[in-house]
Amino acid sequence: MIDSAECLRVEEQLALAGVGALEASELDSDVRRHLTVCPRCRESAASYAAVVAVLAEALQPVDPPLGVRRALMAQVYGDAAGSPAVRARPRLARLWHALPVSRTFTLVAGAAVVAAIALAAWGVSRGATAQASYQVSGTTADPNARGTLVYDPNVQTSTLVVHGLPGPDAAGGGDHVYEVWLIPANGPASPAGFLTLQPDGSTWVAVLNGAVPAYHTVAVTVEPPGGSATPTGIEVISGAV
Amino acid sequence: MKRLPDERIVELLGSRAPEAIEALYDAYGGLMYTLVLRIVGDQQVAEDVLQECFLAVWRRADSFDAARGSLKSWMCAVARNRAIDRVRGQRGRVQLDAPLDVAVNEPGLSDTWSEVVAAITRQEIRDALDALPAEQRQTIELAYYGGYSQAEISRKMGIPLGTVKGRARLALERLRILMNGMATT
């Protein structure tokens, strides 16, 4: 026989626990026992849990800064380097995944490779200081995106060439732009330019402001027309410098 | 933005693939950060707590049990508990699934309420909260979004503990009726 006064007491405890207002020491030990014999309170428990589960969604969404994701994934990939799941991967794939920010071993789209090689050859032919080349890759938002960042110290200019990003309808067509950021090891991201779509319809290029070697990371985010002073949109490209 | 389905994320978590955390973050990081920031009230602390949440999930990737609820609910519970721990110290706290696991292990009940909440929009959740009597809404807001204990709510509102309990129960009862009605219309 279920005592309705007992049900009320249990439901009050369940409600308090559900919204996080009950300390562990305050939970009556007989609540669990009561739940095993009382269908009404089990139903209440399930419904309270369901209601509480959606309360977070009533809040006005706030996006975390991009650096949080980057710092987190650096730790996770660092942790994972020795795990069985990662060790089982082919070597190149393992190196790819072990370097979430740089992903140095990305297979770069042909045109980007050609562009990088051409720029490098141009620099060598001038007998100048060697250029530096960095691979960048898509985040999980655009995992097929690949690219290369080439820095020429002789003219202190960097060129970012990217393939695999969605076309003008998705970004750069008026509703959004792809904005490039240079990010130091400690400190805020600096806006460095915008990717523009080339006549071939698949290659995106940006000539960047800023001395790339002074930074830690290059990233691309989707921003409103005209760009943003700080990153606000989805990160679609990332690479270590 | 492409998002992996929850089922695939759970598979990746099970195989200890780091991509699971990337996918989880992209799916629920924003929601969790919003909740954590509301509770801790400081951007830097919220960022730290958010990272702690995902690292905890990564290091205990096998602790998610789909039979107990959705991935989103689980991640929100992790975020809320971590945030409350941060603002209130490491005192013992009842986690959502501790007293309720007997109930949510029953697939029939769990499925019923999963369907109800899946059909609810953000605006409808806000409408339901707005429809509560002010004292019930304030109780829920102090507890869930503010991280206050029943004793703290009692002091803050100047009401007996028993009244706090009663208001919390009545608020959740009212919310479930409102949300159930919204989901079925």
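**Close-up 1. A 2.9 Å polar contact links the side chain of Asp26(B) to that of Arg69(A).** The view is taken from a predicted model. Asp26(B) belongs to helix H2 of chain B, which spans residues 19-40. With a relative accessible area of 18%, Asp26(B) falls under the 20% limit and therefore counts as buried.

**Close-up 2. The side chains of Gln51(B) and Gln75(A) form a polar contact of 3.3 Å.** Gln51(B) is located in helix H3 of chain B, which comprises residues 43-59. The relative accessibility of Gln51(B) is 15%; because this value is under 20%, the residue is classed as buried. When neighbours within four places in sequence are set aside, the residues in contact with Gln51(B) are Val68(A), Ala71(A), Leu72(A) and Gln75(A).

**Close-up 3. Strand E1 of chain A pairs with strand E2 of chain A in an antiparallel arrangement.** Strand E1(A) covers residues 132-138, and strand E2(A) covers residues 146-152. The two strands are joined by six bridges. Ser133(A) has Val150(A) as its bridge partner in E2(A). Of the seven residues in E1(A), five are buried, so that the strand is mostly covered.

**Close-up 4. Strand E1(A) also pairs with strand E9 of chain A, again in the antiparallel sense.** Strand E9(A) consists of residues 235-240, and two bridges connect it to E1(A). In this pairing, Gly138(A) is positioned opposite Ile237(A) of E9(A).

Technical notes: Residues numbered from 1 in each chain as written. Chains lettered and ligands numbered in written order. Predicted model: local features only at pLDDT ≥ 70, side-chain atom pairs only at ≥ 80, totals over all residues. Heavy atoms only, no water. Buried < 20%, exposed > 50% of the residue type's maximum accessible area, 1.4 Å probe, protein only. Helix = DSSP H or I, 4+ residues; strand = E, 2+ residues; numbered from the N terminus. Pairing = 2+ DSSP bridges. Polar contact = N/O pair within 3.5 Å; in protein donor to acceptor, adjacent residues only side chain to side chain. Contact = heavy atoms within 4.5 Å.
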